[in-house]
Amino acid sequence: MAAPDLMDKLVSLTKRRGYIFQSSEIYGGTGSVWDYGPLGVELKRNLKDRWWRAMVHERDDVEGLDAAILMHPSVWEASGHVEGFTDPLVECSNCHRRFRADLPEVDGGQCPTCGTRDAFSEPRLFNLMFKTFMGPVEDAAATIYLRPETAQGIYVNFLNIQGTARQRVPFGIAQIGKAFRNEITPGNFIFRTREFEQAEMQFFVKPGDDEEWFERWKAERMAWHEGLGIRSTKLRFHEHGPDELAHYAKNAFDIEYEFPFGWKEFEGIHNRTDFDLARHQERSGKRLEYIDPASNERFVPYVVETSMGVDRTLLVLLADAYREEEVEGETRVVLGLQPQLAPLKVGVFPLVKKDGLPELAIKLHEGLRKAAIPSFYDAAGAIGRRYRRQDEVGTPWCVTVDGQTSEDGTVTIRDRDTLEQVRVGADQVVTWVRDRLG
Ligand code: GAP
């Protein structure tokens with residue numbers, strides 16, 4: 001499948017099947033902002049829950065946090081974002097569209113929109129933070145920002161959490177939340193948007209231990225992505241060169257995926273040193289040191305950060321899972337999502353709409369829902385079409401109630417990937433599915 005073709009197919013499938021809609025579509029849409037529909041929100045929740053489980057619940061050395069989006073404006077001065085969170089912007093003097101100066105097309109001197117050559121203005125720096133006002137007075141003193149990363153909420157809570165959770169360095173703080181960037185050139189569907197979610201973890205270590213922890217977290221995060229079922233041939237690390245490093249980073253590696261539009265980052269692992277804590281300490285006048293209880297040594301910890309874009313990882317999951325196959329002369333579209341991630345786990349169908357089969361199927365469907373297994377009841381159309389509808393949204397199993405069910409209480413379970421069918425007692429379906437979800 002040609003690469004851009006795959007993106008078009010994903011945009012169309014996710015819209016048609018209730019995964020992702022353009023924001024405010026009835027008004028013509030909002031630039032690069034997307035809404036997650038019934039299936040999209042489930043996939044996103046499953047992804048975030050998986051991250052939270054690995055990063056917080058399964059570890060003794062990471063605590064969770066849910067900090068507010070709006071923070072004291074001094075946070076962004078201390079963090080360097082007011083001064084340095086900028087992209088170079090150029091404007092085409094013919095069509096007046098604005099672009100990031102570092103786009104390859106722009107670098108070549110040709111306007112990506114109108115095609116005019118050498119009509120760009122000199123680059124100027126554009127701050128990506130969204131600004132608004134706190135309270136009823138719209139003046140400079142009331143200026144406040146929508147956070148461009150969730151990390152700062154963690155730094156300002158470092159001592160609150162260390163003290164209340166009685167953690168000792170090394171330990172980490174994790175949170176998932178919205179971030180906002182007024183991107184000059186957003187695009188590629190949910191890849192680069194102006195409102196997105198991050199799943200970030202800041203790991204506080206003794207200076208000198210940072211490089212070892214950096215390597216550990218790199219390995220850990222790559223293994224986690226592979227554990228989601230993403231093909232490892234499509235994953236790689238990219239080390240930041242000196243000109244790519246963010247203003248806070250001493251060392252950084254991206255985890256990249258080979259998207260239809262090329263290899264691109266969807267998670268960053270950064271060695272942020274003591275940059276952020278030291279700057280907050282200086283600016284707030286509050287000590288942000290850790291005192292080692294064994295040695296009484298005082299230090300401002302170094303930070304190793306793992307920063308995953310939730311929406312971008314969701315795009316990775318969709319792009320990696322999409323496939324088309326020929327089955328009995330027909331094209332079958334499948335989202336081969338890992339069952340644990342799939343929004344729906346089971347489709348339940350009566351083979352025909354008579355002989356009491358719908359009632360039996362509804363009972364089974366309701367039993368699954370009560371057992372917290374997302375199930376979808378479908379009695380509309382030919383059975384083959386019902387299978388295809390579930391394949392397309394990634395449902396791993398379809399259960400069919402047929403004539404034999406009334407006789408011996410068994411149903412068929414059909415596997416999305418192998419297309420194999422097994423007969424199982426209707427009263428065993430919940431256990432059968434649970435066993436496979438792990
Ligand atoms: N706290 C560090 C930080 O924010 P980053 O590399 O700027 O680092 C981390 O962002 C991740 O956030 C990226 O790897 C990406 O997945 C996601 N991200 C950043 N900007 C984004 C955007 N405009 N749209 C969607 N996701 C974005």
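This is a predicted model: local features need pLDDT of at least 70, side-chain atom pairs count only at pLDDT 80 or more; totals for chains, interfaces and linings use all residues.
**Entry 1: around the ligand**

I asked how many residues surround the ligand, and the count is 20. The closest are Glu149, Glu183, Thr193, Glu200 and Glu265. Next I looked up which atoms come up to the ligand's nitrogens. For Glu149 it is a polar side-chain atom, 2.5 Å from a nitrogen atom of the ligand. Thr193 uses its backbone instead: an N or O atom there sits 2.8 Å from a ligand nitrogen.

I then checked how the chain is divided. Domain 1 covers 3-71 + 148-318, written as two stretches, and domain 2 covers 344-437. Their centres, taken over C-alpha atoms, are 37 Å apart. How many residues are in contact across the two? Six from domain 1 meet five from domain 2. Together the domains bury about 500 Å² between them, and carbon and sulfur atoms give 46% of that area. On the domain 1 side, I noted that Leu13, Arg17 and Leu39 supply 67% of the area buried against domain 2, more than any other three residues.

**Entry 2: polar links between the domains**

I found four residue pairs in polar contact between domain 1 and domain 2, counting pairs with both residues at pLDDT 80 or more. Which elements of domain 1 give two or more residues to the side that touches domain 2? They are helix 1 (3-16) and helix 2 (38-57). Sorted by class, that side of domain 1 has three nonpolar, one polar and two charged residues.

Salt bridges came next. Side chains of opposite charge can pair when their charged atoms come close. Two salt bridges run between domain 1 and domain 2. I looked at Arg16 and Glu392, a salt bridge whose closest N and O atoms are 3.0 Å apart. The overall count of salt bridges comes to 40. Arg16 is in helix 1 and Glu392 in helix 12 (residues 383-393), so this pair ties together parts that are 376 residues apart in sequence.

Last, I went through the backbone angles. Most residues other than glycine have a negative phi, and most peptide bonds are trans. Where is there a cis peptide bond? I found one joining Val169 and Pro170, with omega about 10°. Pro170 belongs to the loop between helix 7 (158-164) and strand 9 (171-180).

Notes:
Residues are numbered from 1 along each chain as its sequence is written. Side-chain values use heavy atoms; hydrogens and water are left out. Domain bounds come from an automatic or database domain assignment. Contact means heavy atoms within 4.5 Å. Buried area is the accessible area (1.4 Å probe) that two parts lose on being put together, summed over both. A salt bridge is a side-chain nitrogen of Lys or Arg within 4 Å of a carboxyl oxygen of Asp or Glu. A polar contact is a pair of N or O atoms within 3.5 Å; within protein, one must be able to donate a hydrogen and the other to accept it, and residues adjacent in sequence count only if both atoms are side-chain atoms. Helices (H or I, at least four residues) and strands (E, at least two) are DSSP runs, numbered from the N terminus. Ala, Val, Leu, Ile, Met, Phe, Trp, Tyr, Cys and Pro count as nonpolar, Asp, Glu, Lys and Arg as charged, and the others, Gly among them, as polar. A residue is near a molecule or strand if one of its heavy atoms lies within 4 Å of it.
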